[in-house]
Amino acid sequence: LGNSPQLINKIESGLAQNNAEAIYHGAHQLKGGSGSIGALKLTAISMEIEKIGKAGSTQGVSPLLNQFKSEYALLEAELKTFI
């Protein structure tokens, strides 16, 4: 929960600046974090975003990022019940 908003912002900034490397790095970190807590949907979405960034592209990231943010909001609400 602590790093995810900054990583999402990193991907959004990467999109705005057409910076595939920033997208790749942000998605890679999100993939690791979501994978470590077993958030499989978030891991899969992050992996798709990561692949796009790694390929040097930004095309198709926006809808995936929107999907990630929706899933993240659900997970965040659920995790906050345990904190």
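1. In which handedness of crossing does H1 pass H2? The crossing of H1 past H2 is left-handed. The model under discussion is a predicted one.

2. Helix H1 covers residues 4–16 and helix H2 residues 20–36; their axes come within 8 Å and cross at roughly 155 degrees. Angles over 145 degrees count as roughly antiparallel, and H1 and H2 are therefore roughly antiparallel to each other.

3. On the H1 side, the contact is made by Ser4, Leu7, Ile8, Lys10, Ile11, Gly14 and Leu15. H2 contributes Ala22, Ile23, His25, Gly26, Ala27, Gln29 and Leu30. By class, the residues of this contact of H1 with H2 comprise eight nonpolar, five polar and one charged.

4. Serine 46 is a residue of helix H3, which spans residues 40–54. Its relative accessibility is 1%, so serine 46 counts as buried; the cut-off for buried is under 20%. With neighbours within four places in sequence left aside, serine 46 is in contact with Ala27, Leu30, Lys31, Ser34 and Phe68. Ala27 and Leu30 are also among the H2 residues that make the contact with H1.

5. Threonine 81 is placed in the segment after helix H4 (61–80). Because its relative accessibility is 62%, threonine 81 counts as exposed. A polar atom of the threonine 81 side chain lies 2.5 Å from the backbone oxygen of glutamate 78.

6. Threonine 81 can also be located relative to histidine 25: the two are 56 residues apart in sequence, and their C-alpha atoms are 29 Å apart in space. Histidine 25 belongs to the H2 side of the contact with H1.

Notes:
Residues are numbered from 1 along each chain as its sequence is written. This is a predicted model: local features need pLDDT of at least 70, side-chain atom pairs count only at pLDDT 80 or more; totals for chains, interfaces and linings use all residues. Side-chain values use heavy atoms; hydrogens and water are left out. Axes are lines fitted to C-alpha atoms, for helices over the stretch in contact, and angles run from 0 to 180 degrees between N-to-C directions. Helices (H or I, at least four residues) and strands (E, at least two) are DSSP runs, numbered from the N terminus. Angles under 35 degrees count as roughly parallel, over 145 as roughly antiparallel, 65 to 115 as roughly perpendicular and the rest as oblique. A crossing is left-handed if the near helix is turned anticlockwise from the far one by less than a right angle, and right-handed if clockwise. Contact means heavy atoms within 4.5 Å. Ala, Val, Leu, Ile, Met, Phe, Trp, Tyr, Cys and Pro count as nonpolar, Asp, Glu, Lys and Arg as charged, and the others, Gly among them, as polar. Buried means under 20% relative accessible area, exposed over 50%, partly exposed in between (1.4 Å probe, protein chains only). A polar contact is a pair of N or O atoms within 3.5 Å; within protein, one must be able to donate a hydrogen and the other to accept it, and residues adjacent in sequence count only if both atoms are side-chain atoms.
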